[in-house]
Amino acid sequence: MLCAEHPGALAHDEAGRCALLVGHPQWRDGGLASVARRHGDAAAALAGWQRFGNGLPERLAGDFSLVIVDAPGGCVFAATDRIGRQPLYHAHCAGGLAFASSAEALARLPGVDASIRPQAVHAYLYFHMVPSPLTIHAGIDKLPGAHRLEWRGADCDIACWWQPQFREETGADAGRLGREMRALIDNAVADLAAGHRCGAFLSGGLDSSTVAGVLARLKPADADTFSIGFDVPGYDETGFARIAAGRFGTRQHVYYVSADDVLAAVQDISAHYDEPFGNSSAIPAYYCARLAREAGVERLLAGDGGDELFAGNERYLKQKVFEHWLRLPPALREPLGAGLKALPAIGALGKAASYVRQAETPLPERLETYNFLHRIPAATMFEPDFLQAVDTGWPLGWLRRLWTQAGEASALNRMMYLDWQRTLADNDLRKVERTCALAGVDVVYPLLDDRLIEFSCRVPSALKLPGSRLRDFYKQAMRGFLPEEILNKSKHGFGLPFGIWMRSHAGLRALAGDSLQKLARRGWLRPGFIDEALGLHGSGHAAYYGELVWVLMMLELWLDTHV
């Protein structure tokens with residue numbers, strides 16, 4: 001039940017084997033690449049399965065989901081790409097094992113338990129998405145990135161087939177590494193743009209500007225870029241997008257999203273996801289993709305991934321600040337910390353005590369300091385019966401497992417590796433994939449090229465984040481190519497001013513209020529907490545509590561459509 005729209009995505013042989021390979025696969029084996037050119041990617045997958053067995057995924061690059069049904073061998077094999085860009089769901093049903101690129105497709109099959117999984121609801125409220133291997137449905141699981149599954153009747157083995165090797169080059173020459181990185185980016189954009197009418201997302205940040213610039217150099221007379229603006233102070237970055245478009249000579253298209261646009265699209269967008277999804281930047285992503293489709297673009301190049309490869313997220317720097325405290329000698333740190341924590345939590349001393357408490361919280365738990373579910377007591381948020389049905393420690397346990405998988409990597413590289421799954425695979429990439437599909441345009445990610453991922457593991461942490469300079473290695477490598485205004489700008493993101501708009505837009509306020517009241521009747525959340533969430537938005541920090549209201553609203557909108 002994977003989508004096999006592209007020629008060559010499905011193949012079978014006379015012995016009773018079949019293969020399905022979707023996404024944008026690339027072959028690392030010359031012989032299999034030759035088969036793919038002549039007969040299609042699925043035919044190459046069949047040939048590779050017979051030659052390499054479960055080592056087949058290592059011969060693949062790019063984004064893909066792969067399923068092999070080997071009837072003679074009595075085996076079903078499945079695998080996902082290194083980051084998990086292409087989702088793959090699986091479920092036991094009457095008579096066997098079913099796969100699909102959509103959880104919703106499996107939920108319709110007879111014998112599949114499609115009931116709502118309470119643990120997934122809790123995980124959604126924690127992460128604002130449902131992380132692998134969970135899905136919202138009790139009887140359906142999601143294969144994480146870089147994992148394979150082998151099923152032989154009663155036995156079902158799931159394991160990781162690839163782990164990054166963070167082998168930092170000591171004494172590395174930054175200039176040489178920078179030139180190598182730029183060549184890898186150039187090649188990735190060229191590979192993905194070939195043969196298609198392409199455009200690029202352009203937010204005006206480092207990554208989208210890089211991708212747009214390389215595309216413009218490849219297609220100087222035919223490069224379109226697409227940007228979203230907001231007529232809200234602090235949210236609009238179209239000025240930087242225009243600087244990049246002017247620098248590279250792209251045909252720039254801009255659309256300003258309004259509160260009315262959110263109201264018009266939010267229910268369709270929620271329904272299009274096969275699981276609850278609470279990332280509010282899905283709205284601007286959708287309107288940007290729709291703008292590209294209306295301009296005749298077939299494929300969009302997205303800049304996702306640069307921050308998670310080359311240290312661009314603010315939380316990486318914040319955690320580095322906490323490490324200063326941990327480097328103090330224990331004989332000094334322990335009595336000083338005890339004294340600070342005993343002081344009243346007011347003024348500068350209160351901030352110092354808060355700093356110590358956070359610094360003494362180990363990673364990765366420390367990353368979740370500002371999570372709603374750590375700031376709001378569970379007993380005041382959830383009904384007792386719901387709490388009995390879930391493990392409230394599951395989210396931190398999931399993060400710890402990812403943290404340990406990075407082996408002996410530095411703290412910085414561990415945080416970025418964790419974000420490959422939490423921030424990219426099940427969040428940002430799912431956001432872009434689904435909204436682009438709804439708009440009717442294909443999307444690819446040059447900065448998540450496998451060669452670039454492997455290269456990033458060699459760049460020393462001290463070059464990626466020296467002192468307090470985020471993305472320093474990347475910025476130095478791009479100096480002279482990207483405009484100085486973009487190199488020197490502060491990080492912004494692709495956020496939606498929902499909390500601010502909700503205060504004054506009657507339609508959004510009514511939709512949110514109605515959705516949250518319906519959610520309260522499902523028996524998971526305490527009605528008093530729902531009222532408090534709406535009240536905090538009205539009287540407190542509109543943007544911060546608006547995000548909480550959005551996450552709750554999107555959960556109910558999805559449930560209302562799918563359950």
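C156 is partly exposed, at 32% relative accessibility. Here buried means under 20% relative accessible area, exposed over 50%, and partly exposed in between (1.4 Å probe, protein chains only). The model is predicted: local features need pLDDT of at least 70, side-chain atom pairs count only at pLDDT 80 or more, and totals for chains, interfaces and linings use all residues. Residues are numbered from 1 along each chain as its sequence is written, and side-chain values use heavy atoms, with hydrogens and water left out.

The sulfur of C156 lies 10.0 Å from the closest cysteine sulfur, that of C75, which is too far for a bond. A disulfide is taken as a pair of cysteine sulfur atoms within 2.5 Å. The whole structure was searched, and 0 disulfides were found. C18 is likewise in no disulfide; its nearest cysteine sulfur, in C75, is 12 Å away. C18 is partly exposed, with a relative accessible area of 28%.

Helix 5 covers residues 174-193. Helices (H or I, at least four residues) and strands (E, at least two) are DSSP runs, numbered from the N terminus. The expected span of a helix is 1.5 Å times one less than its number of residues. For the 20 residues of helix 5 this gives 28 Å, and the end C-alpha atoms are 28 Å apart, in agreement. The buried residues of helix 5 are L177, G178, M181, L184, I185, A188, V189, L192 and A193. They lie on the same side of helix 5, because they cover an arc of only 150° around the axis. The arc is that of the directions from the helix axis to the C-beta atoms. An α-helix has 3.6 residues a turn, so residues three or four places apart point the same way. D173 caps the N-terminal end of helix 5, with a side-chain oxygen 3.3 Å from the backbone nitrogen of G175. After helix 5 comes G195, with a positive phi near 80°.

The largest nonpolar core has 165 residues, among which L125 and W420 touch the most other members. Such a core is a set of buried Ala, Val, Leu, Ile, Met, Phe, Trp, Tyr and Cys residues joined through side-chain atoms within 4.5 Å. Contact means heavy atoms within 4.5 Å. Neighbours within four places in sequence aside, the contacts of W420 include I83, W162, P164, F166 and C457. L125 is one of the residues touched by L525. L525 sits in the loop between helix 24 (506-520) and helix 25 (527-539). L525 is buried, at 2% relative accessible area. L525 and F386 are 139 residues apart in sequence, yet 8.0 Å apart in space, C-alpha to C-alpha.

K431 belongs to helix 18 (residues 411-439). This lysine is buried, with a relative accessible area of 6%. The side chains of K431 and S281 make a polar contact (3.3 Å).

Most residues other than glycine have a negative phi, and most peptide bonds are trans. Phi of A311 is positive, near 65°. A311 lies in the loop between helix 10 (306-310) and helix 11 (314-326) and is buried, at 0% relative accessible area. R471 also has a positive phi, near 60°. R471 is buried, at 2% relative accessibility. Cis peptide bonds join S132 to P133, with omega about 10°, and L363 to P364, with omega about 10°.

Conventions: Polar contact = N/O pair within 3.5 Å; in protein donor to acceptor, adjacent residues only side chain to side chain.
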